[in-house]
Amino acid sequence: MEHIEKKLLVLSRIAQALNRQKATWAVGASLLLYCKGMVSEFHDIDIMVAEEDVEKARNALLSLGRQLPANPKAQYKTKCFLEFNVEGVEVDMMAGFTIVREGVDYYFPLRPGDIHDYVEINGETIPLQSLEQWRKYYGLMGRTDKVEIIEKLLP
């Protein structure tokens, strides 16, 4: 099975588990750009989760794979950042996403109103976070390459 197809199959299994739990979640980062047809590949599965649904989402992911040891990054103060391996695919789950830039914390919790779009993959509904939000996130992270990709599509 081609690498992207395997990751999309894993994503659909994750979606099934999270949707069954009625968790508020959405895809972000390069997977979001892939789902929007803006890039041809993505490294891992990045899932943003509402803070009140962390345990539901964690349990759903544990039913599919294993949690990896914590690996915090100084640029972020995300309230909950968990990494999983699901069928050989790296899955990052974030809740209370916080980016630190020039000593200032920028806090971006996922709320149901932040989800504006959906795609269907292998029969499962995948909620997508907004490109506008990710343009802001990537800007704060200094990821100008990603900002440029998004700005080509947005007005």
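User: What percentage of the 155 residues in the protein is buried?

Analyst: This is a predicted model, in which local features need pLDDT of at least 70 and side-chain atom pairs count only at pLDDT 80 or more, while totals for chains, interfaces and linings use all residues. Residues are numbered from 1 along each chain as its sequence is written, and side-chain values use heavy atoms, with hydrogens and water left out. Buried means under 20% relative accessible area, exposed means over 50%, and partly exposed lies in between, with a 1.4 Å probe and protein chains only. By that scale, the buried share of the 155 residues is 49%.

User: Which residues have the most contacts inside the largest nonpolar core?

Analyst: A nonpolar core is a set of buried Ala, Val, Leu, Ile, Met, Phe, Trp, Tyr and Cys residues joined through side-chain atoms within 4.5 Å. In soluble globular proteins, nonpolar side chains tend to be buried together. The largest such core here has 54 residues, and helix α1 (residues 3-20) gives the most to this core, with 8 residues. Those with the most contacts inside the core are Ile 45, Met 93, Phe 97 and Trp 134.

User: With which residues is Ile 45 in contact, leaving aside its neighbours within four places in sequence?

Analyst: Contact means heavy atoms within 4.5 Å. In the protein as a whole, residues 24 or more positions apart account for 58% of the contacts with a separation of 6 or more. For Ile 45, once neighbours within four places are set aside, the partners are Lys 7, Val 10, Leu 11, Ile 14, Leu 31, Val 89, Glu 90, Val 91 and Asp 92.

User: Which elements are included in what covers the buried residues of α4?

Analyst: Helix α4 spans residues 131-141, and its buried residues are Leu 131, Gln 133, Trp 134, Tyr 137, Tyr 138, Leu 140 and Met 141. Just after this helix, Gly 142 takes a positive phi of about 75°. The cover over the buried residues of α4 includes α2 (29-35), β2 (45-49), β6 (97-101), β7 (104-108), β9 (124-129) and α5 (144-153).

User: Is Gln 129 buried or exposed?

Analyst: Gln 129 lies in strand β9. Neighbours within four places aside, Gln 129 is in contact with residues including Leu 32, Met 48, Trp 134 and Tyr 137, and its C-alpha atom is 8.9 Å from that of Ala 29, 100 residues apart along the chain. Because its relative accessibility is 1%, Gln 129 counts as buried.

User: Is Asn 122 buried or exposed?

Analyst: Asn 122 is found in the loop between β8 (115-121) and β9. Most residues other than glycine have a negative phi, yet the phi of Asn 122 is near 50°, a positive value. With a relative accessible area of 53%, Asn 122 is exposed.

User: What relative accessible area does Glu 87 have?

Analyst: Glu 87 has its place in the loop between β4 (80-86) and β5 (89-95), and its phi is positive, about 55°, although it is not a glycine. Arg 13, which is in helix α1, touches Glu 87 as well as Leu 64, not counting residues up to four places away in sequence. Glu 87 is partly exposed because its relative accessible area is 36%.

Terms used:
Helices (H or I, at least four residues) and strands (E, at least two) are DSSP runs, numbered from the N terminus.
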